[in-house]
Structures are given as C-alpha cells and as structure tokens.
Amino acid sequence: MASGNRSQTAQGLTLIAPPLGYAVLVLAAPLLTILAYSFFKDGYLTVIREFTLENYRTVWADPIFHRIMLRSLGVAALVTLATVVLAFPVAYFLSFAVSPQKKAMWLFLITIPFWTSYLIRVFLWKVILGYNGVINSGLKTLGLIEQPLTFILYNVNAMVITLAHAYAPFAILPIFIALEKIDRSLLEAGRDLGESRAMTFWRVTLPLAMPGVVAAALIVFIPTIGDYVTPALIGGGKIPMIANMIQAQMLDLDNRPMGSALAVTAMLIVAVISLAFIAVNRRFLRVRQ
Amino acid sequence: MTTQNPGPKSTAAHRAAMAGARPMIEIRQVQKHYGDYHALRGIDLTIRSGEFFSLLGPSGCGKTTLLRTIAGFEDISSGVVLIDGQDMQDVPANRRPTNMVFQSYAIFPHLTVAENVGFGLRRDPRSRAEKAAAVEQALEMVGLKGYSSRASHALSGGQRQRVALARALILKPKVLLLDEPLSALDRKMREQMQVELIKLQRQVGITFVLVTHDQEEALVMSDRIAVMFEGQIAQLDGPEALYARPTSRRVANFIGVMNFLPARVLGETADAVQIEAPGLGRVDIPLANVSQADPGDDGPSIGFRPEAVSLVAPGAQGANRVAEGVIDEVVYYGDMTYYDVRLDGSAGFDGQARPVRIAMRNVFGREVQDVGTRANVSWSPGSLVLFR
C-alpha cells in the first residue's frame, strides 16, 4: 500500500513537473528578482547590490504614489462594481432563462470578444469614444449635440467603460457557474414559504450565488489594478495608474530598485484588500451545496 | 392535540369522522398540457379536511404534477382548484395556504437549522424571542430538539426530512403537501418515518397530501388513496378497499401481488355472477367483487391475493373450499414462505399452466413444504375478485 502511494506521488510529481518548472522559471524567479531589487540601491543605470529600505521609505512618503495608487484602486473598484453588476443579469439570464440545449451556444457567444486582441479592443473603444469618434459624430449627425462630448475620453469614465467591457466574460462565467449549482427546488421552497420572487432572490439566490460573485470580483479587481494598456491609450497617458508609474520608474528613469519597490508595495496592497474582501464574505464561501 | 383527533385509522369511528369532514381541497375537471403532452386528463377529486390523502402511481402518471398544481408551482390548462372553498386560480404559490415538503427536502444550505425552520416567519408580527421559541417548539415536535444552531450540511437524510417538516408545519398551513418525502431514506428509516408522520398528522390535525410510487407506503399511512395512471384517477378508496377490491386489473397489479386465472362467465343472478375457473370449478362471485378488466385482457379473469388462500393438511374440514395441486416452487423469506402451486386442471381452456402464488406465515410448528409434493389449497369465494 505504502509503495503504491509512493509511486502515485511520483507519478503526480512527474505529471506536474513541466508546468511547475515553467511556473518557477517565469513567475517565481522574476518575482524573487523584483523582491531582491526592491531592497537594493540605485546607482543610476546600474543596481548597487547593497541592502536598503530607502526605496520603500520613498514610496510610502511619495504623494504622487499615494495619488496614483488611490486612483488605481478607485478605477479598479469602479470597474469591478460595474462589471459584476452588469455581469450578474447576463449570468442570471444564461442560467435561468436560456434552455439547456442553448447554453453552450450562449457561452460561446460571450467569449467572442476574446477572438480579438486586448490591445485592439482597447483601441476600438478609443475609436468609439473619441473626440470625432462613433458616439460624438453619431450624436452630432442626429443633431442631438453641437459640440463633441468630452467627458467620455481621456478620463476615468472612459477607462472604466473600456475595462468593464474587457473583463465582462471573466465576471459572467464564475457567476453563471454559481447560479447553475443552485438546486431549483430551493427557489420553489422560498416561494412555498411565503416569499415573493424578489424576496426569494434576495434571501436564497443571491446568498448562494455569492461565491461566484466574490470570485468574479477578484478576477476583475486584481488584474485591472495593474492594467497598463487602457490608461496608456484611453487615459491618453495623462491619468496614469500604478502600472504606468512602475513602467516609468523601470524603463524611462531606469530606477529598477524604485520600480521594484513600487511593484512589491502595490502587490501587497492588492493582496491585503483581496484577503479582506474574502474575509468579509467568508460566511458565503463556507456554504456546501 | 386537537379535539377532532380521528383516532386509529382503520376503525369505523375514524372512517365515519372522516366521511363527515368538510372538503379542504376540491379539484374539478383539471387538465394540464405540456405542449403536446397531456399530463392531467380531467382530474376530479375532493380531499377532506384533516385527511391523510395519498396520490399513488407509477412515475409519469401525473401525481407530482397534480401536487404541484395544488401548491401553485404549475398553472393548470383548464379546470378549477379550490382550497378551503377559495378559488386558487390567481393565487401565487407564496400566498396559498399550503406548504410543501420537497423530494430533495430543499434545505437552504446557507442557513442553520433554526434559520431554515424560521424562514417563513419573516413577516410574522411576533417578537424575535417568540419566533425563536416557536422554532424551538417546531424542532422539538419533529424530534430535533437542540439542533437549532447546526449547519444544514451536517444533517443526515432523516434529519433533513425533519427540518423540512418543521419548516412547513411552523407556518400552520391548511394543507401539507409531501412530494415522495421518504424515497431518499433507507428502509429502516423509511418505516420509522412512516409511523412518525402518521402520529404527527394526528397531532397537528392538518390535511396531508402525499405523493408516492410506493404502494406499501400509501397503504400504511393514508386514510384514502387515489391511484393514478396516465393523468387520470383509476381508483379512489381507503387502503383496505383498494387492496381487497381493486376496481380494475391494472390497479390490482399495481397494489401488491395478485394471482390471476382465466374465467368463463356462466350466468348472472341479482346479487352474484356465476363463473367457472380452471382449477377452482364453478364459483358465485358477489357483485361487490366484480371489477373491470383492462382493455388489453383476453376475456374475463379472477384474481386473489397470495395471503387470501392457504395450504391446509389433506382432509382438513372447514367452511372453505379446497383445491388440489402440486408445489412448483418454494421461496423462503424467514417470516413468510411463498409457494407457487399448479392447481389440478388449471391448464384450463388454453392448455397453459398458471401456477398461483400462496403466502404462508411461518408460525411455530408449521413446516415448510417441499417442491413437487401434493398440496391442498383452501380458498373461499368471498376472497375472489372477478375482472370482466
């Protein structure tokens, strides 16, 4: 029995060895390098390998960092809110209204945006939202406006719209799966015990869908904080987020220790917020269906 | 405890009390179509107040659809459903005076036992403490005292069932609907719950409507049973009448085991039908025991239950008639022995042998007979049912 277990373990290790090696090489190693860099001194174009906490002190004291980090968190929170709120009805429709034979087709339709590269999609939003873009010229042709609307490009609104669209499928899928798992007789039981459809949704469907909502929120929140392309293109470079700031330190200023310290700090903040979010919702995540 | 406690089920007093009870559910000409599928084909049914009523039938017979129609989960295509005299046409499920115990129990997995039981009390005007006390009381009634704060996933099947019962009964519905509530339990647990459900029903005095495909369960628990086939009620009777005098061969086949022998009708008097059956000879069947044959049957037949006849010693004297035969098969069950006996002359009209099954209780001192030995079968005309 023991030898059987051992050979099974060996087999398992053999199976995961290639992806594990790959993950160590391209994920763990660079992360450790960044972590190491963040404690080194900057010697203009070189890195001086001497331990220091100076980078972190500078980051935490820097008002620009504060502003950009807060903006990143704010944009990511808005995007998460918009995406989850808009994705929920889609997932609900998919789970409750679409007939079982057609669900696969609907899921396929939802993944269509992935057929185009992220960069091109972001650029298309620029075309849609731009000063002479689809929306402005359309509204002007219709005679509804005389001057182009300016609040839809090169600002936070535009970034939220773009990112919410880009991440929508990532939010729809986990919510859809959580809704699919709900035993439909629970909803009938809710009605049977005297609750209207709306109250049954509030007291039964929503709490049981929360694991999907939490997953969707994290899946959207974590990558959007570090998004680089959208602030660069849609924000017009004038409203940078944390990824743009790291890029500036790393490449434009060639201050790798400072860039690394920014990256590590941002990572820690995201980790803390994510864990806090999970902790707040832990009673929903413990439910075993 | 209610004052109109109906007492033990099979007593005449209980039956009389039930027969006089006012109607609780009235179903008139109810039809239900799912597209091309005709699920309910004109159901007419009155369920009395305080009654333990069962809808019995094979899967797909429409019994669950009928129950869900009463609960308000299914719209009916035509017809009328009245509950306590009130038309349910435009009354949604959440406003009907019914509560349901679901087949899957439908215990909310995100709530504790107490939260599950108290789910329907949200709009109850009582104080929080009073509601908590009501929940405790309901749990005690179903034998789950002290389980309030348990997580629902930590419950066994039987406990889930009890929570579902408490959750429904705490709302004091006029009708409790039970959708195959015991089908997920093991045999021992099922038998225990059957007895508990009967006791509970007497205690609360609420009308129970049970859906089941298990004929034994229906016989054990019900005051009356509606046997359903293909969206129609085939027979509506008390358990004893249903078992002893099924009105069609189909019902007879569905409820328990029945032996069938071909019969030939010889004549008819004012109160009996005279027939001849191979192996039994000429018999007068009282008119009360004359039922319908199924459309597919080839000619009339007589039926009798395995326990309505018995093996007796040769030359035994008694009021019953005796037929002779040879034991074909012996199946020993511990408490019972089943004998398949080929009656002399039973090859009958068409030359086909039809052994009849006879159930004998293995009481002390009675020996199990061997295959191939001659046997005397004692029977009485009153235990035969004629299907024609």
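## A partly exposed glutamate in chain B

E307(B) is partly exposed, because its relative accessible area of 43% falls between the limits of 20% for buried and 50% for exposed residues. Like everything described here, this value comes from a predicted model. E307(B) sits in the loop that links β16 (301-304) with β17 (310-312) of chain B.

Which residues does E307(B) touch, once its neighbours within four places in sequence are left aside? The contacts of E307(B) are then with Y243(B) and A359(B), and the side chains of E307(B) and Y243(B) are also joined by a polar contact of 2.5 Å. L82(B), by comparison, is 225 residues away from E307(B) in sequence, and the two C-alpha atoms are 41 Å apart in space.

## Chain B as a whole

Chain B contains nine helices and 22 strands, and its C-alpha trace spans about 75 × 50 × 40 Å along its principal axes. Of the 388 residues in chain B, 47% are buried, while the accessible surface of the chain comes to about 17,800 Å², with 48% of that area belonging to carbon and sulfur atoms. When contacts in chain B between residues at least 6 apart in sequence are considered, 68% of them join residues at least 24 apart.

## Two sheets in chain B

One open sheet of chain B is built from six strands in the order β6-β7-β8-β3-β9-β10, with mixed pairing. Its edge strands are β6 and β10 (232-237) of chain B, each of which pairs on one side only, and the twist from one strand to the next averages 20°. Within this sheet, β9 (residues 224-229) of chain B pairs with β10(B) in the antiparallel sense over five bridges, and A226(B) stands opposite L236(B) in β10(B). The helix α5(B) packs on the sheet, where it touches β6, β7 (175-179) and β8 (207-212) of chain B, and its direction makes about 175° with that of β6(B).

Another open sheet has three strands of chain B in the order β12-β13-β14, and here the pairing is antiparallel. The strands at its edges are β12 (264-268) and β14 (281-286) of chain B, each pairing on one side only, and neighbouring strands are turned by 30° against each other on average, direction ignored. Strand β13 (residues 272-277) of chain B is joined to the antiparallel β14(B) by six bridges, and A272(B) stands opposite P286(B) in β14(B).

## A covered helix in chain A

Is helix α8 (residues 184-192) of chain A mostly covered or mostly open? Helix α8(A) is mostly covered, since eight of its nine residues are buried, among them L186(A), L187(A), E188(A) and R191(A). The cover over these buried residues comes from both chains, and includes α3 (63-97) and α9 (197-225) of chain A together with α2 (63-71), β6 (98-101) and α5 (157-169) of chain B.

At the start of α8(A), a side-chain oxygen of D183(A) reaches to within 3.0 Å of the backbone nitrogen of S185(A). After the helix comes G194(A), whose phi is positive, near 105°.

## Annotated segments of chain A

An unreviewed UniProt entry places the feature "transmembrane region" at several stretches of chain A, including residues 20-40 and 73-94. In the predicted model, residues 20-40 of chain A are 86% helix and 0% strand, with end C-alpha atoms 28 Å apart. Residues 73-94 of chain A are 100% helix and 0% strand, and here the end C-alpha atoms are 30 Å apart.

How values were computed. Residues are numbered from 1 along each chain as its sequence is written. Chains are lettered from A and ligands numbered from 1 in the order in which they are written. This is a predicted model: local features need pLDDT of at least 70, side-chain atom pairs count only at pLDDT 80 or more; totals for chains, interfaces and linings use all residues. Side-chain values use heavy atoms; hydrogens and water are left out. Buried means under 20% relative accessible area, exposed over 50%, partly exposed in between (1.4 Å probe, protein chains only). Helices (H or I, at least four residues) and strands (E, at least two) are DSSP runs, numbered from the N terminus. Contact means heavy atoms within 4.5 Å. A polar contact is a pair of N or O atoms within 3.5 Å; within protein, one must be able to donate a hydrogen and the other to accept it, and residues adjacent in sequence count only if both atoms are side-chain atoms. UniProt positions are given in the numbering used here, feature names are shortened, and annotations may be inferred rather than shown by experiment. Two strands pair if DSSP finds at least two bridges between them. Axes are lines fitted to C-alpha atoms, for helices over the stretch in contact, and angles run from 0 to 180 degrees between N-to-C directions. Accessible areas come from the Shrake-Rupley method with a 1.4 Å probe; for residues, only the protein chains shown count as cover.
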